[in-house]
Amino acid sequence: MIKPFKVKISEKIIQNIYSKVKNYEWYEIPDDRGWNYGTNLQYMKEISKYWVNKFDWRQTEKKINKFKNYKTVINGINIHFIYEKGSGNNSKPILLSHGWPGSIIEFLEIIEKLAHPEKFGGKKEDSFDVIVPSLPGFGFSQKLSKPIGPRKMASVFNTLMTKVLGYKKYIAQGGDFGGVISTWLAYDFPKNLFGIHINILIIRHPDGPKTLEEKKWQERFRNDQKIEDGYRTQQATKPKTLSYAMMDSPVGVAAWIIEKMYGWSDTKNEKIESVYSKDTILSNIMIYLVTRTFYSASLIYYGRRKEGGRSLPKEKLPLKVPTAAALFPKEYLEWAPKSYVDRIYNIVQWTKMSKGGHFAALEQPDLFIKDIRNFIRKLK
């Protein structure tokens with residue numbers, strides 16, 4: 001059973017957030033060093049001033065609510081999702097899964113283009129039925145009392161697509177944890193999928209690299225990722241401790257997320273707003289704040305660790321489900337050589353993008369959509 005849902009956050013909650021931002025006690029660093037030590041102090045002051053003086057959360061609500069939103073209970077978890085039916089008579093269903101520190105905000109600008117291509121110079125017959133859920137524990141889905149990882153989330157989403165919405169087969173797309181969820185869907189529910197489209201490689205083959213090229217990639221990858229281990233280790237081991245500070249500090253949550261949006265994106269001249277507007281950045285941050293899900297969302301790292309980490313069991317490898325890999329050049333998790341990826345996935349499309357980073361749908365929506373459409377033509 002699904003129930004219609006509209007986002008309407010109380011004014012009291014919004015004003016409480018604004019008040020904390022306005023009254024934040026800024027400290028000074030003699031040598032700020034830009035972004036070298038973490039989120040840039042001057043930028044945090046700038047965006048916080050905009051936050052309390054110009055940002056309008058109600059406009060974000062309007063953008064979400066212009067689509068049909070629903071909630072349904074699956075495995076005891078209340079799941080929120082956007083559901084936009086395509087214009088065509090034979091629209092293919094596509095499940096778009098975000099990750100951390102993302103949200104449904106990542107997909108708001110592409111939903112209509114996928115569902116109603118005729119409005120943008122395309123053809124009705126290329127339309128999709130677009131389903132965009134908030135991950136369990138994230139945003140407008142139910143907060144979690146205990147962690148679950150991407151494999152269990154994949155099971156929840158397969159139930160959403162097949163049992164709740166009644167599709168026999170569908171396409172799954174994802175970046176960040178959405179890419180992991182899409183991979184687990186291909187592993188556990190291959191008969192329900194036309195294919196998967198991923199813009200990240202998080203999953204590892206249990207046998208590891210074989211060729212010299214693959215071994216060099218792994219060494220590079222491990223060295224590159226040392227600087228990113230802090231947040232992952234904290235959220236995968238002691239997420240509750242972090243949450244005490246974040247629950248009372250919107251500026252703290254913003255700094256935690258902005259660091260990733262800056263560092264993982266294809267910025268120009270080290271300017272985060274060469275990629276995202278202040279409104280986009282703050283809309284994504286506010287999803288975590290107005291729903292009070294920063295802690296609950298961070299549990300996905302703990303849940304992944306409990307599920308066994310990044311490796312797939314090798315019994316079903318390589319996966320049989322047709323897979324498209326979209327390689328954006330500023331993705332902070334460097335893709336392995338195709339020889340390695342081929343041992344995990346059934347790659348039928350391998351696209352090296354000209355620009356873009358981790359938050360692909362948000363950064364380069366047109367390249368993103370074009371790649372999905374090319375993939376669907378191959379499946380046909």
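## Terms and model

Ala, Val, Leu, Ile, Met, Phe, Trp, Tyr, Cys and Pro count as nonpolar, Asp, Glu, Lys and Arg as charged, and the others, Gly among them, as polar. The structure is a predicted model, in which local features need pLDDT of at least 70 and side-chain atom pairs count only at pLDDT 80 or more, while totals for chains, interfaces and linings use all residues. Residues are numbered from 1 along each chain as its sequence is written, and side-chain values use heavy atoms, with hydrogens and water left out.

A pocket is an open set of points on a 1 Å grid over the protein atoms alone, where a 1.4 Å probe fits, with protein on both sides within 12 Å along at least five of seven lines; its lining residues have an atom within 4 Å of a point. Points are joined across faces, edges and corners, and a volume is the space filled by probe spheres set on them.

## The largest pocket

The volume of the largest pocket is about 490 Å³. It is lined by 17 residues, of which W35, I227, E228, Y262 and G263 are the closest to its centre. The most come from α10, with 4 residues.

By class, this lining has 6 nonpolar, 6 polar and 5 charged residues.

## The second largest pocket

The second largest pocket holds about 360 Å³ of space. Among its 19 lining residues, Y27, G38, T39, M44 and A255 are the closest to the centre. Both α2 (41-53) and α10 supply at least two residues of the lining, and α10 gives the most, with 5 residues.

Its lining has 11 nonpolar, 6 polar and 2 charged residues.
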